[in-house]
Amino acid sequence: MSIIRVSNLSKTYASGFSALKSVDLEIRRGEIFALLGPNGAGKTTLISIICGLVNPTSGSVLADGHDIIKDYRAARARIGLVPQELTTDAFETVSATVSFSRGLFGLPRNPAHVERVLKDLSLWDKRDNRIMTLSGGMKRRVLIAKALAHEPQILFLDEPTAGVDVELRQDMWKLVRRLRDDGVTIILTTHYIEEAEEMADRIGVISKGEIILVEDKAELMRKLGKKQLSLSLQEPLAALPVGLAAYDLALAAEGEELVYTYDTKAERTGITALLQDLATAGIRFRDLRTSQSSLEDIFVSLVRERH
């Protein structure tokens with residue numbers, strides 16, 4: 001069941017720059033969806049349109065069944081947005097600004113909800129502090145608290161942990177998991193691909209304004225993740241023996257290492273046959289280890305293919 005449906009969405013700015021090109025995207029209710037892409041790929045434009053901050057040139061967006069343009073108030077009330085920029089009213093206290101954000105959506109005061117959000121974000125002891133006195137990391141926490149003040153069903157986190165300390169990053173992901181457990185749908189953009197690898201249920205990759213892939217994370221890793229077997233040789237090789245040409249082999253470390261890349265989906269990895277053929281060729285090794293490509297490797301290769 002989709003909670004967000006983006007159909008044929010395009011955005012061309014007055015300068016002629018085409019930021020989004022016929023984007024179709026469905027985000028499932030209750031999932032954590034990571035949107036990955038290089039700088040300038042269109043991530044923030046896409047989020048800004050879904051959140052009603054930027055008007056599309058063409059196409060439509062439904063948020064929990066409500067059209068973001070025709071039924072703006074109902075659609076926007078379901079969405080919380082944590083933007084990249086730290087724009088917070090410097091003279092207000094933490095508690096006042098979070099309560100005010102709730103009021104903006106026409107909701108009655110709920111001190112218990114505000115208290116819970118502030119405690120979850122380790123802001124409770126700072127509730128009476130003016131925002132101007134807080135560190136950058138604490139200001140980022142306030143932005144998250146403001147986004148959660150009106151109990152949204154959809155939460156956008158645009159580069160939420162860029163430039164924040166490790167402690168805040170861990171706090172934030174704990175909170176994200178708990179929100180997901182409470183049924184909140186979370187969409188995040190991130191530069192930290194290991195974050196997406198750890199957190200996301202599904203991953204979308206955007207490049208030059210086009211969605212080039214949407215895939216379950218586990219399936220993406222299975223389909224595109226390469227495994228490698230590295231063999232440390234007893235004697236360096238100047239070149240690969242002709243008899244091993246059938247294998248996907250490469251020499252590394254000035255001939256002291258042999259790297260075999262194999263398909264994780266294949267019925268047979270070919271490792272047993274390779275080791276037998278190495279023995280026949282008189283090639284001895286001291287040590288062997290396997291490694292698997294990370295989501296970052298996959299992402300880099302996908303984007304490179306498109307450029």
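The model is predicted, with local features needing pLDDT of at least 70 and side-chain atom pairs pLDDT 80 or more, while totals for chains, interfaces and linings use all residues. Residues are numbered from 1 along each chain as its sequence is written, and side-chain values use heavy atoms, leaving out hydrogens and water.

I noted T45 as buried because its relative accessible area is 14%, and buried means under 20% (exposed is over 50%, partly exposed in between, with a 1.4 Å probe and protein chains only). Not counting residues up to four places away in sequence, T45 touches K11, Y13, A19 and L20, contact being heavy atoms within 4.5 Å.

Next I followed the sheet, which is open, with four strands in the order β2-β1-β4-β5 and antiparallel pairing; two strands pair if DSSP finds at least two bridges between them. The edge strands, each pairing on one side only, are β2 (18-28) and β5 (66-67). Strand β4 (residues 58-63) is joined to β5 by two bridges, and I found H66 as the bridge partner of A63.

Last, I turned to the largest nonpolar core, which has 40 residues, with L155, L157 and I186 making the most contacts inside it; such a core is a set of buried Ala, Val, Leu, Ile, Met, Phe, Trp, Tyr and Cys residues joined through side-chain atoms within 4.5 Å. Helix α5 (residues 136-148) gives the most to this core, with seven residues.
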